[in-house]
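Please look over this protein model and report on its local geometry, its helix packing and its nonpolar cores.

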Amino acid sequence: MDLTVWRTFVTVCRLGSLSAAAAELHHTQSAVSRQIAGLERQLGVPLMERHARGVRPTPAGEVFRRHALATLNEADRAVRAVRDARDGAVSRPLAVGATPSLAAGIVPEAIRALLERDRAVRWSLLPGLSPDLHQRVITGDLDLAVVTDAPPGLPHDPRVERRFLGLDEMVVALPLGHPQAGRGPVHMRTLAEQTWVEDNDGSAALLRQHAARAGVSARIDLAAADLPGKLALVATGHAIALIPGVLTCALRTDVTTVSLLDPPTRGVYAITPRRDPHPTAALLLDRLATAFAPAGPTDS
């Protein structure tokens with residue numbers, strides 16, 4: 001597929017208008033419409049739908065938009081890398097991966113501290129789930145990844161170095177005004193009849209294990225595509241959710257948290273390849289060790 005068409009689609013999604021996208025891209029509106037229609041034919045699914053004030057992606061279109069945006073960003077980095085090599089700047093950027101919750105605060109803070117020491121460091125940050133990040137370190141796509149041992153856990157792989165950073169206590173995200181807001185720590189039995197939402201199997205497994213220890217079960221009646229979607233369902237009062245404690249510093253303002261008695265925990269680790277380590281990875285590891293502060297029981 002032509003990445004020009006992907007860029008057109010992402011632009012239409014961002015602006016919510018075919019005409020606005022056409023103006024920004026210096027195309028005609030009919031040309032933009034043809035590109036979107038051709039992409040839909042290639043994929044065999046509608047990607048856009050009209051509404052009162054323009055257009056928006058369908059559920060399938062939103063999935064494609066996220067992947068297309070990541071692909072376009074990577075393609076842009078590839079072009080910059082080639083130009084840097086042409087111009088004699090051959091040092092490769094530091095490619096960092098992190099789970100979504102750690103990418104929301106802890107890891108950017110460590111990178112900021114690294115840049116205070118050396119502003120010349122070029123870097124990129126890729127959020128993902130721990131198994132995928134582990135594999136991308138092995139394949140050389142990432143120079144360092146910050147992952148967790150939440151189910152299914154971390155494999156013992158001789159191809160990577162693993163450094164323990166700390167334990168993260170899970171907390172429960174609640175909508176503002178929830179009866180348990182500000183009360184904690186609470187026992188899991190208090191929340192047993194609530195509707196829960198989950199966005200990945202690892203977090204769902206932690207929730208079920210904690211509920212089983214408390215002698216109850218958790219009603220995971222809703223599923224979200226990702227962490228922002230999970231928090232959106234909490235904010236609008238549809239469910240409550242188990243979330244990492246490290247995320248509390250970066251929560252949206254319409255969500256609060258309550259701590260649990262004897263909360264489930266997950267270990268946080270930094271992994272790097274044993275072969276051909278990036279020269280800046282060790283410095284970032286030191287910053288991560290300093291920046292990582294496991295979130296204890298908090299009510300906010």
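Asp276 is exposed in this predicted model, with a relative accessible area of 59%. Here buried means under 20% relative accessible area, exposed means over 50%, and partly exposed lies in between (1.4 Å probe, protein chains only). Asp276 lies in the loop between β11 and α10. Asp262 also counts as exposed, at 59% relative accessibility. Asp262 is found in the loop between β10 (255–258) and β11. Helices (H or I, at least four residues) and strands (E, at least two) are DSSP runs, numbered from the N terminus.

What is phi at Asp276? It has a positive value of about 55 degrees, although Asp276 is not a glycine. Asp262 has a positive phi too, near 50 degrees. Most residues other than glycine have a negative phi, and most peptide bonds are trans. A cis peptide bond joins Pro151 and Pro152, with omega about 15 degrees. Pro152 sits in the loop between β5 and β6 (160–175).

Residues are numbered from 1 along each chain as its sequence is written. Local features need pLDDT of at least 70, side-chain atom pairs count only at pLDDT 80 or more, totals for chains, interfaces and linings use all residues, and side-chain values use heavy atoms, with hydrogens and water left out.

How confident is the prediction? pLDDT is the predictor's confidence in each residue, from 0 to 100. The mean pLDDT of the protein chain is 88, and 93% of its residues reach 70 or more. Over residues 294–300, pLDDT stays under 50. For that stretch the model has 23 contacts beyond four places in sequence. Contact means heavy atoms within 4.5 Å.

Now the helices. Two pairs are listed here.

| Helix pair | Angle | Axis distance |
|---|---|---|
| α2 (18–25) and α3 (29–43) | about 105 degrees | 8 Å |
| α1 and α3 | roughly 110 degrees | within 10 Å |

Axes are lines fitted to C-alpha atoms, for helices over the stretch in contact, and angles run from 0 to 180 degrees between N-to-C directions. Angles under 35 degrees count as roughly parallel, over 145 as roughly antiparallel, 65 to 115 as roughly perpendicular and the rest as oblique. The α1 and α3 angle therefore makes α1 roughly perpendicular to α3. The contact uses Thr4, Val5, Trp6, Thr8, Phe9 and Val12 of α1, and Val32, Gln35, Ile36 and Leu39 of α3.

Thr8 lies in helix α1 (residues 3–15). Is Thr8 buried or exposed? Thr8 is buried, with a relative accessible area of 1%. Leaving out residues up to four places away in sequence, Thr8 touches Leu25, His27, Val32, Gln35 and Ile36.

Next come the cores. A nonpolar core is a set of buried Ala, Val, Leu, Ile, Met, Phe, Trp, Tyr and Cys residues joined through side-chain atoms within 4.5 Å. In soluble globular proteins, nonpolar side chains tend to be buried together. The largest core has 22 residues, and Leu102, Val107, Leu144, Val146, Leu284 and Leu288 touch the most other members. Its largest share, six residues, comes from α6. Leu284 touches Leu94, Val96, Ala110, Ile111, Leu114 and Leu144, not counting residues up to four places away in sequence. A second, separate core of 18 residues includes Trp6, Val12, Ala22 and Val55.
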